[in-house]
Amino acid sequence: MSILSNFISEYGNTIIYAVLTAIAGFLASQVRVVYKKLAEDKTKKAVVETCVKAVEQLYQDLEGPEKFAKACENISSILSEKGIYISELEMHLLIEACVAEFNFNFTKEEE
């Protein structure tokens with residue numbers, strides 16, 4: 001028993017510091033991953049909103065599908081420059097949500 005207590009008294013603090021350092025490093029990496037995801041989601045929403053507004057303003061002579069294609073093209077281009085991946089489904093859903101919000105606000109203003 002004296003060997004164990006000797007070992008703990010000699011190396012116990014070092015082992016505790018190593019374990020705490022490993023836990024802190026793991027938690028920091030997880031916080032970084034969550035922050036990066038939230039920042040990318042916020043960036044995606046902002047880029048989609050900006051592109052949809054720009055397409056509505058610049059391409060008034062185009063119909064819905066052509067406007068959608070232009071918006072997808074611009075969104076993909078801007079996000080790829082920033083190194084952010086967006087799937088086709090996610091892009092489609094964000095565009096639809098943005099357009100629905102615009103339409104809701106537009107009908108609200110008319111009333």
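The cut-off for a disulfide is a pair of cysteine sulfur atoms within 2.5 Å. Cys98 is also tucked away from solvent: its relative accessible area is 9%, so it is buried. (Buried means under 20% relative accessible area, exposed means over 50%, and partly exposed is in between, using a 1.4 Å probe and protein chains only.) A search of the whole structure turns up zero disulfides. Cys72 is likewise in no disulfide, with its nearest cysteine sulfur, that of Cys51, 9.8 Å away. Cys72 counts as buried too, at 12% relative accessibility.

Since the model is predicted, local features need pLDDT of at least 70 and side-chain atom pairs count only at pLDDT 80 or more, while totals for chains, interfaces and linings use all residues.

Next comes helix H1. Helices here are DSSP runs (H or I, at least four residues), numbered from the N terminus, and strands are E runs of at least two. H1 has 57 residues and reaches 82 Å from its first C-alpha to its last, close to the 84 Å expected at 1.5 Å a residue. That expected span is 1.5 Å times one less than the number of residues. H1 also bends by about 60° at Tyr11, where the bend is the angle between axes fitted to the seven residues ending there and the seven starting there.

Thr21 lies in H1, which covers residues 2-58, and is exposed, with a relative accessible area of 55%. A polar atom of the Thr21 side chain lies 2.7 Å from the backbone oxygen of Tyr17. Thr21 and Ala71 are 50 residues apart in sequence, and their C-alpha atoms are 47 Å apart in space.

The buried residues of H1 are Gly12, Lys44, Val47, Val48, Cys51, Val52 and Val55. What about the largest nonpolar core: how many residues does it have? It has 15, and those with the most contacts inside it are Val48, Ile75, Leu79, Met91 and Ile95. H1, helix H2 (64-81) and helix H3 (88-110) are the elements that give two or more residues to this core, and H1 gives the most, with five. Such a core is a set of buried Ala, Val, Leu, Ile, Met, Phe, Trp, Tyr and Cys residues joined through side-chain atoms within 4.5 Å. Apart from neighbours within four places in sequence, Ile75 is in contact (heavy atoms within 4.5 Å) with Val47, Val48, Cys51, Met91 and Ile95.

Lys44, in H1, counts as buried at 7% relative accessibility. Leaving out neighbours within four places in sequence, Lys44 is in contact with Leu79, Ile84, Tyr85, Ile86, Glu90 and Leu94. Lys36, also in H1, is partly exposed, with a relative accessible area of 44%. Lys67 lies in H2 and is buried, with a relative accessible area of 16%. Beyond its neighbours within four places in sequence, Lys67 is in contact with Val55, Glu56, Tyr59, Gln60 and Leu62.

Note on methods. Residues are numbered from 1 along each chain as its sequence is written. Side-chain values use heavy atoms; hydrogens and water are left out. A polar contact is a pair of N or O atoms within 3.5 Å; within protein, one must be able to donate a hydrogen and the other to accept it, and residues adjacent in sequence count only if both atoms are side-chain atoms.
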